[in-house]
Amino acid sequence: SGYDFGPQPIAEIMAKKKLKPHDLVAASKEQLTHKMVGRACKGRKLSRQVQLKVRNALNTVMEANFSLKDLFTY
């Protein structure tokens with residue numbers, strides 16, 4: 001469908017660092033859910049707002065500075 005973009009770069013980044021969706025949820029200071037993280041990794045189309053929450057949580061966990069372009073291909 002038009003909402004499925006396949007595995008995203010964020011999934012690979014998380015796998016390399018052995019991060020689980022829970023790690024991002026726990027680190028997030030926003031309303032981030034396991035479902036949002038799962039969808040992000042699988043490539044389901046997320047709203048910009050949700051993409052930002054996921055990115056912010058990942059950056060917090062990894063003490064990194066990823067941009068949305070680093071994590072999502074759409």
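Predicted model: local features only at pLDDT ≥ 70, side-chain atom pairs only at ≥ 80, totals over all residues.
**Overall build**

- The protein has 74 residues and a radius of gyration of 11 Å, which agrees with the value near 11 Å that a compact globule would have.
- Taken along the principal axes, the C-alpha atoms fill a box of roughly 35 × 25 × 20 Å.
- If you look at contacts between residues at least 6 apart in sequence, 62% of these contacts join residues at least 24 apart.

- Of the 74 residues, 38% count as buried.
- The accessible surface comes to about 4700 Å², and carbon and sulfur atoms account for 52% of that surface.

**Where helix 1 meets helix 3**

- Helix 1 covers residues 9–16 and helix 3 covers residues 34–42; their axes are 6 Å apart and the two pack at an angle of about 110 degrees.
- Angles of 65 to 115 degrees count as roughly perpendicular, and helix 1 and helix 3 are therefore roughly perpendicular to each other.
- On the helix 1 side, the residues in this contact are Ile10, Ala11 and Met14, and they meet Val37, Ala40 and Cys41 of helix 3.
- Sorted by class, this contact has six nonpolar residues, with no polar and no charged ones.
- A handy idea for looking at helices: an α-helix has 3.6 residues a turn, so residues three or four places apart point the same way.

**Helix 3 and its neighbours**

- Which residues of helix 3 are buried? They are Met36, Val37, Gly38, Ala40 and Cys41.
- These buried residues pack against helix 1, helix 2 (21–27) and helix 4 (48–62).
- Just after helix 3 comes glycine 43, with a positive phi of about 95 degrees.

**A closer look at asparagine 59**

- Where does asparagine 59 lie? You will find asparagine 59 in helix 4.
- Is asparagine 59 buried or exposed? Buried means under 20% relative accessible area, and asparagine 59 is buried because its relative accessible area is 11%.
- Leaving aside residues up to four places away in sequence, asparagine 59 touches Ala64, Asn65 and Phe66.

Key
Residues numbered from 1 in each chain as written. Heavy atoms only, no water. Axes fitted to C-alpha atoms, helices over the stretch in contact; angles between N-to-C directions. Helix = DSSP H or I, 4+ residues; strand = E, 2+ residues; numbered from the N terminus. Parallel < 35°, antiparallel > 145°, perpendicular 65-115°, else oblique. Contact = heavy atoms within 4.5 Å. Nonpolar A, V, L, I, M, F, W, Y, C, P; charged D, E, K, R; others polar. Rg over C-alpha atoms; globule rule 2.2 N^0.38 Å. Buried < 20%, exposed > 50% of the residue type's maximum accessible area, 1.4 Å probe, protein only. Areas by Shrake-Rupley, 256 points an atom, 1.4 Å probe, with all protein chains shown as cover.
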